[in-house]
Amino acid sequence: MNIDIAFVAHARPPSPPFVLDPPPPGEGFAGANLAIQENATTGGFIGQNFALTDIELAEEDNPAEAVKPWLDKGVRLFVVALPADEALALADAVRSVGGLVFNAQAPDDRLRGADCRPNLFHTAPSRAMLADGLMQYLAVRRWSKILLVPGAGAGDALFAEAVRASAKKFGVKIVAEKPWTFGPLARARSDAVTESDALTFSRGIDADMIVVADEAEDFGDYILYRTSEPRLVAGTQGLTPTSWHPTHTAWGAEQLQNRFIRASNRRMRPIDYQAWAATRAIGEAATATRAADPQKIAAFLQSPSFNLAIFKGAPASFRPWDRQLRQAILLAQPKSLIGMAPQPGFLHQRSTLDSLGVDESESACKSKQVTR
């Protein structure tokens with residue numbers, strides 16, 4: 001029995017010189033490829049053969065068009081590292097032939113809400129989950145007053161929106177909000193004529209922490225240690241919520257980290273991890289059901305029987321109402337793991353992992369399955 005999976009992503013253009021940690025070639029595919037090897041170990045005992053195809057897109061390519069030759073070859077399982085609109089379009093394009101799409105990159109909450117699809121699963125955490133993980137930590141520390149600094153990008157606005165909702169949810173007060181208007185100083189790697197204004201923009205604001213929304217990394221790193229008054233920084237820079245981090249070694253994570261390094265000659269990044277989790281989830285479902293049928297795989301993934309070991313202390317499962325992978329959120333600075341959410345004391349009637357992100361009663365997703 002053959003289980004064919006395709007990984008779909010755009011080829012990354014060369015990064016500008018100011019990017020100190022550019023995305024490596026093969027980001028995402030390397031994680032999926034490691035998972036294929038792990039799937040093959042178990043699947044081989046029952047006659048299952050797992051194969052992974054890398055569909056690398058040019059910048060102008062339409063993913064929904066690009067996968068048509070692979071649909072003609074019978075591929076129905078797609079792990080994607082694509083922007084939200086492209087992941088959604090691909091899910092719509094393959095739905096009529098029974099295809100499943102696993103979103104390993106886009107954090108957009110609308111993909112789990114009003115724009116959800118019954119054949120679209122998510123191993124990338126949503127922005128709501130990331131913001132909740134951070135706000136839980138601040139609430140536990142009683143760092144209850146924050147200055148929110150959103151950037152000008154569309155993703156910045158969405159992350160800032162998630163922070164606002166999460167702060168209200170966990171009793172953290174946004175004492176002020178100041179959009180960043182000083183340009184990409186972090187990218188410039190030098191001081192600009194606006195430096196004096198940038199240093200004083202937070203002056204006089206009684207906040208425990210500055211929370212930045214800077215997904216493009218234009219300014220968040222610039223704020224650290226440059227404010228006129230001492231302020232901690234968190235959000236997209238400083239203390240960051242993430243699905244994966246190189247310093248995470250507990251619960252067997254060190255073994256996964258080492259396997260990835262041996263296979264790829266670099267450290268695992270969040271998109272690698274999210275693609276690994278998606279491919280492993282497919283493998284676990286195919287092995288448990290002894291089937292390659294995407295509909296049987298999808299049904300099992302949303303059943304109470306599915307659990308996936310993801311090296312974060314608790315088994316992961318998919319939320320039936322929006323097909324988001326339940327998972328802990330790591331809290332880290334560049335070279336140190338600081339904590340993990342859910343934080344102690346945050347309970348939920350179903351799973352403490354459901355204290356992160358949009359709960360079933362609040363979900364705008366209408367293509368729901370039987371809940372558990």
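What follows is a chat about a predicted model of one protein chain and the reasons behind the labels used for it.

Colleague: Let's start with the whole chain. What makes you call it as compact as a globular protein of its length?

Modeller: First the inventory: the chain has twelve helices and twelve strands. Its radius of gyration is 21 Å, and the globule rule gives 21 Å for 372 residues, so the chain is as compact as a globular protein of that length. The C-alpha atoms fill a box of roughly 65 × 45 × 35 Å along the principal axes.

Colleague: What share of the residues counts as buried?

Modeller: That share is 52% of the 372 residues. As for the accessible surface, it comes to about 16,200 Å², with 52% of that belonging to carbon and sulfur atoms.

Colleague: Now single residues. Why is Ser 243 called buried?

Modeller: Its relative accessible area is 1%, and buried means under 20%, so Ser 243 gets the label. Ser 243 sits in the loop between strand S10 (240–242) and helix H10 (253–264). Beyond its sequence neighbours within four places, its contacts include Pro 125, Tyr 273, Lys 312 and Leu 330.

Colleague: What makes the Ser 243 and Gln 274 pair a polar contact?

Modeller: The side chains of Ser 243 and Gln 274 are joined at 2.6 Å. The cut-off for such a pair of N or O atoms is within 3.5 Å, with one able to donate a hydrogen and the other to accept it, so this pair qualifies.

Colleague: Arg 266 is an arginine in a loop. Why is it still called buried?

Modeller: The loop in question runs between H10 and helix H11 (270–289). Arg 266 has 16% relative accessibility, and the limit is under 20%, so Arg 266 counts as buried. The side chain of Arg 266 also makes a polar contact of 2.7 Å with the side chain of Asp 272. Leaving aside neighbours within four places, its contacts include Pro 24, Pro 25, Gly 26, Glu 27 and Gly 28, along with Phe 260.

Colleague: Why does Pro 118 get "partly exposed" rather than "buried"?

Modeller: Pro 118 has 23% relative accessibility. Buried stops under 20% and exposed starts over 50%, so Pro 118 falls in between. Pro 118 is in the loop between strand S4 (100–103) and strand S5 (120–122). It touches Arg 95, Arg 323 and Ser 367, not counting residues up to four places away in sequence.

Colleague: Arg 290 and Ala 291 are both in the loop between H11 and H12. How do you know which is buried and which is exposed?

Modeller: Arg 290 has a relative accessible area of 57%, and exposed means over 50%, so Arg 290 is exposed. Ala 291 has 7% relative accessibility, under the 20% limit, so Ala 291 is buried.

Colleague: Last one. How do you know that Pro 294 is buried?

Modeller: Its relative accessible area is 11%, and under 20% is buried, so Pro 294 qualifies. Pro 294 lies in helix H12 (residues 294–301). The C-alpha atoms of Pro 294 and Ile 3 are separated by 9.6 Å, although the two are 291 residues apart along the chain.

Notes. Residues numbered from 1 in each chain as written. Predicted model: local features only at pLDDT ≥ 70, side-chain atom pairs only at ≥ 80, totals over all residues. Heavy atoms only, no water. Helix = DSSP H or I, 4+ residues; strand = E, 2+ residues; numbered from the N terminus. Buried < 20%, exposed > 50% of the residue type's maximum accessible area, 1.4 Å probe, protein only. Contact = heavy atoms within 4.5 Å. Rg over C-alpha atoms; globule rule 2.2 N^0.38 Å. Areas by Shrake-Rupley, 256 points an atom, 1.4 Å probe, with all protein chains shown as cover.
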